[in-house]
Each structure stands twice: as C-alpha cells, then as structure tokens.
Amino acid sequence: MSDKMTIAIRKRSWIEWSGWAIWFVGILLIVQNAIGSAQELEPRAALILWVSLAVWLLAGLVVWFVRKDR
Amino acid sequence: MADKRNLKLGRRDFLRVAGLGAGAAAVATIAKPTTVKAGSQGAKFTDPAGRVNRPWWVRTVDQPTTEIDWNVMQRYNERMGTVRGPGMAGYVGQEEVDRLEAAAAKNELQRMIDNVDGYTLKDQALAEAHVALGWSFLGPQKAPTPEERGMPKWTGTPEEASKIIRAAMRHFGAATVGFIELDENTRKLIYAVDPDGKDMIFTDDAVATETDDARYIPNSCKYVISYTVQMSQETMRRCPTPLAQQTTQLAYKRGQDIQASTQEFVRGLGYQCLGESSTNALAISPALAVLAGLGEMSRLNRLITPEFGPMVRVFHLLIDLPVAVDKPIDAGIMEFCKRCKKCAEACPSESLSFETEPTWETQGGWNNPGHKAYFENAVTCRAYWREVAGTNCGICFAVCPFAKKDKAWVHEWVKASGSMVPALDSFFRTMDDAFGYGVQASAEEWWGLDLPEFGIDTTMSVREG
Ligand code: SF4
Ligand code: SF4
C-alpha cells in the first residue's frame, strides 16, 4: 500500500463560475420579488415567483449533477 | 355589453382571457387571493378586533402603569382648570398672562429678525399654515402676513422658493410637487369660467379679488404649483364599489387641506396663493401636471405618474412668488399606452379609445381641443357610474399596469425597461395579466386589512440619490 495520495483539483473555467454567479443572483432576485409580491398583497404574482424559484433551483441542481464528474 | 355589466365577472374574465399561455394560467388559477401575510403595505389583522400588532416586548396588563385612586378622582372643569384658556389667569393673574404674551410676541419677532434657526419667517409661516380648512380662491387668509408681524416679506432665489414650498407641501401631505410659469399659451389652461359660473379674469391689479360674478387673477400670479395626492391602490382595486370610490373622496379632502395650508404658508411668507374654489376648479389639472413634469397623459386621458401610476388626484395653485420651474418628462408612459390598451379592454362602458395612436379629434364638449390625446367618451362613462355601478367606477385606474406598489423590485425594472425599450411593452402587458395584476379584490376582505394611514405608502415618492 502506497503512503502517497493524489488529490485532483479541477479548475472551473471563468465562464462556469460566471454561470453559477448568475444562478445565485437569480435566486436572490426571485426571492426578493416573491416576498415583495406577498407584501403587496399580490398572491398570484407571489405564487408564480415561488414556483419559478423552485424551477430555478431545480435547474441549477440538474446542471450541477450533470457536470459534477466532468 | 350586457354581460360586461356583471361587474366582478367582467373584470376577472377579461383578465383571464388576456393571460399568458396555459402554464401561467394554470398557476394563476390555483392562486387564492386570500392567504397572504404581508408587510408594511398592509398585512391582514392578526387580532380578531383589529388591534394594533405591537412588538413582543409590549405586554398587555390588567392595570395601567399609572396608579389611580377612583375615590379621589372627580370630573374635570376643562375651561378653568387647564392653563390653555382663562385658567392660566386664575393661577397667575391676568397681568402676568399679558406680560407672558407680550414676551412671547417680542421673542418671536426678535428671533425672526435675528434669523434664529427654526424660528425664521418661513418656520413661523409653516407653523401658522394649519389655521383653517376648505376650498377657496383667495385662501382662508387667517395666518399673519409678514407685514402684520412687522417683518419684511420672505426673499430668496427661485430655487430656494421651490425648495421650501416643496418641503412644506410634502409635509402637508402632497405626494409630488412641480412648478410652471404661465405664458401666453399656458394661460389657456386656466378656466375661462369656474365650476360655479364665475368668470376667471386676468388683471393688472396687484391683489387678487373675488366678486359675486368673477374671480380676478393678478398677472403677477403667474407661477403654478401643481401637486398630486396619493389614492390608496389597495382600496381602489376593490372598484367599482363605494368602498373603492371613497379613496378618491379622501384624496380630494386631503388636497383641500393641503391647498388651505399652502395658501396660508405662502401668505405667511408675504405672497399671494390662489386656489381652487371647489373640486377641480381654477384650471385643467392634468395638463398643468404634465407641463410641470409630474407625469404623462395616457389612454385614460388622465395623468399617469411614474411613481404611483394613475393612483393620484391632481391639484394646482397660482402664486406670485417666483419659483424655479420644471420641465415635462418622458417615462415611456404614453408610448406604453399605444400597445397596452388594458384599461380600454376592461372598461365596461367601452368609453376609452382603442386607437393605437392618439388623435387631435375630441369626442365631445367635455374634451378641450388643442392637444393630441386618447379622448374618452365621458358621457357613456358617467352613465355607467349612475346606471350600473351606483358609484364612481375607476376600473380603468385599477387595472393600469402602472398602478403598482413598490415592494417587489420587478416593477421598477419593468418601468425602466419599458421606458428605454418600447418594443418590450407588449410583453410586459401580457406578463401583467399573467401575474394577476388588476384583478378585482374583495371589498369584504378590505375590512380585515391592517393598512397604513390613508391606505397609502408615503415613502414611495422618496428616492435616494
Ligand atoms: S371609470 Fe369610466 S372610463 Fe374608466 S373603466 Fe369605468 S366606465 Fe370606463
Ligand atoms: S392601462 Fe395601459 S393603456 Fe391604459 S392607461 Fe394604463 S398603461 Fe395606458
């Protein structure tokens, strides 16, 4: 048994990092508007935004899952 | 036409048909407009009796923190007991009262002469501004003038004059304030005849006067103050109901109060301030507001402001104090109206124009010609109010995409994008429907809402930077 271990550090491209940054900002914006819509007593707008948030999160999860081994 | 007279269904059907595709419609349909716990724009009362929602550290107790002995307590003589009225003389004697009054008057004058911060003429004028109420052309004329105080009239640059008038009027309750200077053209916006039949006559007289037949406006009163007063969007979305229409009445009442206070404030500075003798008197409000940059005209043939959309009433005053004037604005509103047409589609009496472009041709004597607009049919509109709604209508105001609160950032982005890229207007209109904006809300539900004062958010007109 070797006493040496190899740690592989994968460097993500700046494009990928930018994509995740946009995804994260998107979350913040959707959450703000969903909460704001609730404060405005606009339940339909709030619901659509919460559903959009779920879709946005799911999309990120799927992309992360697909790309994680690359 | 008949089916449109089913008021609630009329608006809801319209909005449903106009919505996005099946996906958005499905989401929209399952949303029940009754379950939201909201923030500062109006939550539901959490207490069954609507008691104020206090912070957690405020406790309800059985006895007040002031101890009371009901055996000692007697009913009070307000007239002689307090020091406000004759009671003071009872404690210190009339001579001492007179001495104190003379000292107060002397100090007041000396501080004004010395320009002591917070005691200047403009501060005193503001303090005396609330002495009277009510519509009147000449103003209540109860506040002391500088002359009566033994002071010269207030002087400053036009910019300073605009600034202090704005500050005072915002303090009195105006949402936005703008100024224009009357010239040969804009004078045409001052009525020839007022609602009560009195002629409105410009004159070289130094001081405004009023007789049984006419109101005389000095040519020196050539500066117009145009101002808006917010209506409650949350209340108006219950239209057409008496509940919704009273927010209009409330705004008019507040406008009247602001007018009287401003007239007295300007009088206290040493100038004239001529107002509306009754609701919507003196001049054409939307036109002056457009020229003063408070908003743009719209398919409603009414003012739409960038801040509150159509949820305002508009007022005006004439003064002889030179002010810094404002310019009209382009916030993409008139351009948006070309593609939107939501109000025209929602109007149950089909009184609003469906034309894409505004026109010079008026619909009748209720329109003043000379400007290119979306002229409305005021007769069919009014007939609908009387025959069907039984109250002021306002549906066109309530459904307008500009009639939004400002808690969700998206409204600001939409307004900015629409202003800069008109090609997006149709998309925004479609999304407005899909998100359920403009759908009539329950009047009964309103009674359970914990709304702020007047049902409005007074911070909406205050912008940083
Ligand atoms: S107020 Fe008049 S123009 Fe506006 S929707 Fe009602 S009926 Fe139509
Ligand atoms: S509803 Fe649309 S068309 Fe009508 S005034 Fe408002 S923005 Fe203009």
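**Notebook: ligand shells and a sheet in chain B**

I looked up where ligand 2 lies and found that it sits in the second largest cavity. I note that the model is a predicted one.

Entry on ligand 1. I repeated the search here. The shell includes four cysteines by name, Cys347(B), Cys381(B), Cys393(B) and Cys396(B). I also noted Pro348(B), Ser349(B), Leu352(B), Tyr384(B), Trp385(B), Gly394(B) and Ile395(B) around ligand 1. Two or more residues of this shell come from each of α14 (378–389) and α15 (395–399) of chain B. I found the largest share, 3 residues, in α14(B). The shell of ligand 1 divides into 9 nonpolar and 2 polar residues, with no charged residue.

Entry on the sheet. I traced an open sheet of 3 strands in chain B, in the order β3-β5-β4 and with mixed pairing. Its edge strands are β3 (199–203) and β4 (209–210) of chain B, each of which pairs on one side only. I checked the contact between β4(B) and β5 (residues 214–218) of chain B: the two strands run antiparallel and are joined by 2 bridges. Across this pair, I found Glu210(B) opposite Arg215(B) of β5(B).

How values were computed:
Residues numbered from 1 in each chain as written. Chains lettered and ligands numbered in written order. Predicted model: local features only at pLDDT ≥ 70, side-chain atom pairs only at ≥ 80, totals over all residues. Heavy atoms only, no water. 1 Å grid on protein atoms, 1.4 Å probe; cavity = no way out; pocket = protein on both sides within 12 Å on 5 of 7 lines; lining within 4 Å. Sits in = over half its atoms within 2 Å of the grid points. Near = heavy atom within 4 Å. Helix = DSSP H or I, 4+ residues; strand = E, 2+ residues; numbered from the N terminus. Nonpolar A, V, L, I, M, F, W, Y, C, P; charged D, E, K, R; others polar. Pairing = 2+ DSSP bridges.
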